[in-house]
Amino acid sequence: MKINLASGELYLPGYINIDNKSHYGHAPVDLIADVFDLELPESILDEIIVSHFAMYIMGGPDSNQEPNQMRQLLMRWHSWLKPGGKLVMETGNLKYIAKFILECNDPAELQGSKGIKQLFGYGNTYGHKWAWCPEILTPMFSEVGFVDINVQPGVFHSKERDFLIVGTK
């Protein structure tokens, strides 16, 4: 069994596409659920895809004041995977976005989807909470038990701006 969490407009045949539909009311889904509250049995999934949802997940230090939601979700998702199962996550690369902003002088491009909009969201994607890069997510994947962690350019949205990280249980 394979799931596509926070599927948005990325409906994938052969996957159970799960979204809360708050942003993409017109996109098809197979299951309406909130990713933060979803519970599944352990060792049930072969693959989890999470494309462009990481920016809605808080990172930061683990503390009572500021919990690291990403680490908590990675642990939960890891538990859902069968041995050999894969977590596939794609998100914008903070380093690329920062470099683009620093080097760009065109106000329209600065505020576009490669720049400021990528950091804060826009239209039906307002509310980004965090920004990620491979140097932050790779150690987190490892800390929760993923192995054979592979990072490559994005495949679902922007090959230049995004990165894909795959970890195996």
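The structure holds one cavity of 30 Å³ or more, where a cavity is a set of points, on a 1 Å grid over the protein atoms alone, at which a 1.4 Å probe fits but cannot get out. This is a predicted model, in which local features need pLDDT of at least 70 and side-chain atom pairs count only at pLDDT 80 or more, while totals for chains, interfaces and linings use all residues. Residues are numbered from 1 along each chain as its sequence is written, and side-chain values use heavy atoms, with hydrogens and water left out.

**The cavity**

- Rolling a probe the size of a water molecule over the atoms shows where empty space is left.
- The volume of the largest cavity is about 70 Å³, a volume being the space filled by probe spheres set on the grid points, which are joined across faces, edges and corners.
- Its lining, made of residues that have an atom within 4 Å of a point, consists of M55, T91, G92, L94, I97, Q118, L119, H128, W130, A131 and W132.
- At least two lining residues come from each of β5 (81-92), α2 (94-103) and α4 (116-120); helices (H or I, at least four residues) and strands (E, at least two) are DSSP runs, numbered from the N terminus.
- Sorted by class, the lining of the largest cavity has seven nonpolar, four polar and no charged residues, with Ala, Val, Leu, Ile, Met, Phe, Trp, Tyr, Cys and Pro counted as nonpolar, Asp, Glu, Lys and Arg as charged, and the others, Gly among them, as polar.

**The sheet and its strands**

- Seven strands form an open sheet with mixed pairing, in the order β3-β2-β1-β4-β5-β7-β6; two strands pair if DSSP finds at least two bridges between them.
- The edges of this sheet are β3 (31-32) and β6, each of which pairs on one side only.
- Strand β4 (residues 45-51) is largely enclosed by the rest of the structure, because six of its seven residues are buried, a word that here means under 20% relative accessible area, whereas exposed means over 50% and partly exposed lies in between (1.4 Å probe, protein chains only).
- Strand β1 (residues 2-5) runs parallel to β4 and is joined to it by four bridges; I3 has I48 of β4 as its bridge partner, N4 stands opposite I49, and L5 stands opposite V50.
- Strand β1 also pairs in the parallel sense with strand β2 (residues 16-19), over three bridges, and in β2 the bridge partner of N4 is N17.
- Six bridges join β4 to β5, and these two strands run parallel, with E47 standing opposite K86 in β5.

**Helix α5**

- In helix α5 (residues 134-143), the residues P134, L137, M140 and F141 are buried.
- These residues lie on the same side of α5, because they cover an arc of only 140° around the axis, the arc being that of the directions from the helix axis to the C-beta atoms.
- The buried residues of α5 pack against α1 (69-80), β5, β6 (147-153) and β7 (162-168).
- After α5 comes G145, whose phi is positive, near 115°.

- H52 is not a glycine, yet it has a positive phi of about 60°; H52 is found in the loop between β4 and α1, and it is buried, with a relative accessible area of 14%.
- D148, which is not a glycine either, has a positive phi of about 50°; D148 has its place in strand β6, and it is exposed, with a relative accessible area of 63%.

**L73 in helix α1**

- L73 lies in helix α1 and is buried, with a relative accessible area of 3%.
- Leaving aside neighbours within four places in sequence, L73 is in contact with V35, F36 and I57, where contact means heavy atoms within 4.5 Å.
- L73 and I57 are 16 residues apart along the chain, and their C-alpha atoms are separated by 8.7 Å.

Technical notes
1 Å grid on protein atoms, 1.4 Å probe; cavity = no way out; pocket = protein on both sides within 12 Å on 5 of 7 lines; lining within 4 Å.
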